[in-house]
Each structure stands twice: as structure tokens, then as C-alpha cells.
Amino acid sequence: MLDVRRLHLLRELDRRGTIAAVAEALTFTASAVSQQLSVLEREAGVPLLERSGRRVVLTPAGRTLVTHADAVLERLELAVSELAGAREGIGGPLRIGTFPSGGPAIVPATLAELAQRHPALEPMVQEIDSARVSDGLRAGELDVALVHDYDFVPASPDTTVDQVPLLVEPMYLATSAATDTDPARAPAAGGDTLAQLLGPWATTPWITARDGTTGHAMAVRACQAAGFQPRIRHHVNDFRTVLALAAIGQGVGFVPEMATAHTPEDVVLTQLPLFRRSKIAFRAGGGTHPAIAAFVAAARTAVGATGRAPERQAVT
């Protein structure tokens, strides 16, 4: 009989790449992980791992078993959700991840709604990059999380995580009011394509998120789609700082609608045919868990209360 906990370790090795990374994520020693995977191989009766230099990689049989592990662990998540639904009331800890700009714009209103509907719930919020959410959910560090992706940078498929849509918002180009008056910056009459809107800023310094983030990749790819490579001067993840730098002429950058509520007077915002999609993520099979369902309902109510655009087809 295959042990579910060992299947979980095998799946994490497939996702994280090294035994050391699995051990760190799940608070085991590397030796303990290796021992448990060896036991799983004996249970399976076929080799699941093989050496590749200093690393171990999954054999074809190991990759096949990971596919079944995904299904087994999703089924267990469904069982946990159904059992939770059989209990009276919704309460206990709820570990919530959020991307930084979702903190002030979505999270407080969502928690207020949760507190009103389910006072026994104990929400615990932590900021986390969207790229790390899947790992956090699988490791049990998070129960639910706000995530986002952009046009030009779609989310990678992940069978271990389910997502439901929350919000689609347009992106804006933030520029200095002082430089925006330059006639050379004005797009052609009726110009509303990405190339027409971004082209006048091709030689201007740019402000983007840090390299390795989806925000950075979106900015670079959008500029490339407009026909130029951006000359990046500042790497800033915080949209308030992007707006402040744009206000004093330190460059131009992209900001989502959610971050424009307190735009400085010296900044001009130009809406672009480019969108960011916010979603709610949770472990595959966990969508019917009462606490997760309560969070989804509260977040959608909170977003509706802000007057933001509902989920719709993004323009690419």
C-alpha cells in the first residue's frame, strides 16, 4: 500500500527539484526525506528516482506516480472539505496570502466582510509573491491566496492548485505631467494601440518591477510588442513609488487601476489595452471547504463594493 505522506514528498520533489528544497519547505531533514522516498520506492516495487550528477530526478515511473498523487491528494482535499462542511459553523484559523497591492485594496474590506458573516474565523494574512503561492499552498503555509497575472505573462498551468476569477482591471501608463506636454510624446490622432501609446516613450527611462517578477516580464514584453526594448532605470515593486518617481520625471511605468486611487497631481495616467487579472487560489479540491468558500464570497462582495470592473474577457 502506498503511503499518502510519501506521495506528497514525491510530488514536492517533482515541483521543487531537489531533496534539500523539499526538506526546507516541509521542515524535514534532507536525510528524512531521502529515507521516506526510499521506502516509497520499496512500496511501489519499481525505481522512482535516479541519480543525475549530484541531483536525483524522477524516472518515468516516478512521473507517472506523481500524476496519480495529484489525483489522490486532490481527493483527500475534497474529503477534508466535505467533513468541514458537516461541522456546525465556520471557524478557526484561515491563512491568507496576498500580493502587495491587493493588501490595501482588497484584503481589509474582505476581512471586514468575513468578520461580519463568520466571527469565529481567525484570518491570518501574509504578503507573498504570486509565483510562490503554489508552493505555499502545497506546503500548508497558506489555505487561500490572492494571485494575479498579466497580459503577455499568463499563469503557468498547475494541477495542484485551483483558481476562481475575482477581478480584471486595466493597466495605465504613468508619466510626468511636465514631460507629457511635449508634442513629440502625443500619440497620433485616434491612436489607441499599444505601439501608438507606448512608442512615444521608447527612449525615455522606464520604471519596472524587479527582474524575475511577473510585473517586470509584463513591462518588458509589452514594450517589445510596441516595437522597442525599454531602457530600465529603476526597479521598484511598490506602485506608490512608481507613481512618485514618475511624478518627478524619473521615468515612466505601468500601474494597475487598483493602484491609482492616490495618484499624485503631477502624474498623467493613460489607459492601455493591457489588463491584470486577479484570482483566488487554493489547493486543488479545496474550493468547497466552508472557510475557503466564505473567503471567496467575501472577496467578491468587497470587490463589488469598490465599484471595480467585474471579471470579463481581457484584451490582448
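Predicted model: local features only at pLDDT ≥ 70, side-chain atom pairs only at ≥ 80, totals over all residues.
Figure 1. Look for α4 in particular. With seven residues, α4 gives the most to this lining.

**Figure 2. Volume and centre of the second largest pocket.** The second largest pocket has a volume of about 600 Å³. It is lined by 32 residues. Which of them are the closest to its centre? They are E77, V80, D143, R283 and H289.

**Figure 3. Residue types lining the second largest pocket.** Here the lining divides into 15 nonpolar, eight polar and nine charged residues.

**Figure 4. Volume and centre of the largest pocket.** The volume of the largest pocket is about 760 Å³. Its lining holds 36 residues. Nearest the centre of the largest pocket lie P100, S101, N237, D238 and F239.

**Figure 5. Helices and strands around the largest pocket.** Which element gives the most to the lining of the largest pocket? It is α10, with five residues. At least two residues each come from α5 (102–105), β5 (144–150), β7 (205–208), α10 (214–225) and α11 (239–247).

**Figure 6. Residue types lining the largest pocket.** How many residues of this lining are nonpolar, polar and charged? The lining of the largest pocket has 19 nonpolar residues, eleven polar ones and six charged ones.

Notes: Residues numbered from 1 in each chain as written. Heavy atoms only, no water. 1 Å grid on protein atoms, 1.4 Å probe; cavity = no way out; pocket = protein on both sides within 12 Å on 5 of 7 lines; lining within 4 Å. Points joined across faces, edges and corners; volume = space filled by probe spheres on them. Helix = DSSP H or I, 4+ residues; strand = E, 2+ residues; numbered from the N terminus. Nonpolar A, V, L, I, M, F, W, Y, C, P; charged D, E, K, R; others polar.
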